[in-house]
Amino acid sequence: MNKKDLIQQYKATPTFYGVIQIKNDQTGQTFIDVAPNLHNRWGYYQTNLNGNFYHDTPLQEDWNALGADQFSYSVLWKKDATDVDHLRQKLRDLKAEWLDKLHPAYNQH
């Protein structure tokens, strides 16, 4: 495929927003967040954690101490982004709902 075809294919790909979880596989502690586009989101978090972006947080401390291979990523809930109006507000509401439901340890600080 040429570059133009690849761009068109990317634009035609559905975009999903949703709730993600990063889990410390040793301790079971979790971090919950929302994302307006779930595509490549795990790579985004890995890059930030490897770059010490979340400094002074328990998640970053454990990531640095245990290493990336001790963490897993999962999508807890997703929906097609074309089906929602006011996405920012929807994401705020979703995050509050999931934090209240799961009480993730890494979000408590």
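Predicted model: local features only at pLDDT ≥ 70, side-chain atom pairs only at ≥ 80, totals over all residues.

Mentor: Gladly. Residues are numbered from 1 along each chain as its sequence is written, and side-chain values use heavy atoms, leaving out hydrogens and water.

Trainee: What makes helix 2 roughly perpendicular to helix 3?

Mentor: Helix 2 (residues 41–50) and helix 3 (residues 58–66) pack at an angle of about 80°, and their axes are 10 Å apart. Angles of 65 to 115 degrees count as roughly perpendicular, under 35 as roughly parallel, over 145 as roughly antiparallel and the rest as oblique, so helix 2 is roughly perpendicular to helix 3. The axes are lines fitted to C-alpha atoms, for helices over the stretch in contact, and the angles run from 0 to 180 degrees between N-to-C directions.

Trainee: Which residues make the contact?

Mentor: Trp42, Gln46, Asn48, Leu49 and Asn50 come from helix 2, and Leu59, Gln60, Trp63 and Asn64 from helix 3. Contact means heavy atoms within 4.5 Å.

Trainee: Why is glutamine 21 called buried?

Mentor: Buried means under 20% relative accessible area, exposed means over 50%, and partly exposed is in between, using a 1.4 Å probe and protein chains only. Glutamine 21 has 16% relative accessibility, so glutamine 21 counts as buried. This residue sits in strand 1 (residues 16–24). Leaving aside residues up to four places away in sequence, glutamine 21 touches Thr30, Phe31, Ile32, Ser72, Tyr73, Ser74 and Leu76.

Trainee: And what makes aspartate 80 partly exposed?

Mentor: Its relative accessibility is 21%, so aspartate 80 counts as partly exposed. Aspartate 80 belongs to strand 3 (residues 71–80). With residues up to four places away in sequence not counted, aspartate 80 touches Pro14, Thr15, Phe16 and Tyr17.

Trainee: How do you know that glycine 28 is partly exposed?

Mentor: Glycine 28 has a relative accessible area of 39%, so the label is partly exposed. You will find glycine 28 in the loop between strand 1 and strand 2. Glycine 28 and alanine 105 are 77 residues apart in sequence, with their C-alpha atoms 9.1 Å apart in space.

Trainee: Why are asparagine 40 and aspartate 56 called exposed?

Mentor: Asparagine 40 has a relative accessible area of 57%, so asparagine 40 is exposed. Aspartate 56 is at 71% relative accessibility, so aspartate 56 counts as exposed. Asparagine 40 is in the loop between strand 2 (30–35) and helix 2, whereas aspartate 56 is in the loop between helix 2 and helix 3.

Trainee: What is phi at asparagine 40, and at aspartate 56?

Mentor: Phi is near 60° at asparagine 40, a positive value in a residue other than glycine. For aspartate 56, also a residue other than glycine, phi is positive and near 65°.

Trainee: Stepping back, how much of the protein is buried?

Mentor: Buried residues make up 29% of the 109 residues.

Definitions and conventions:
Helix = DSSP H or I, 4+ residues; strand = E, 2+ residues; numbered from the N terminus.
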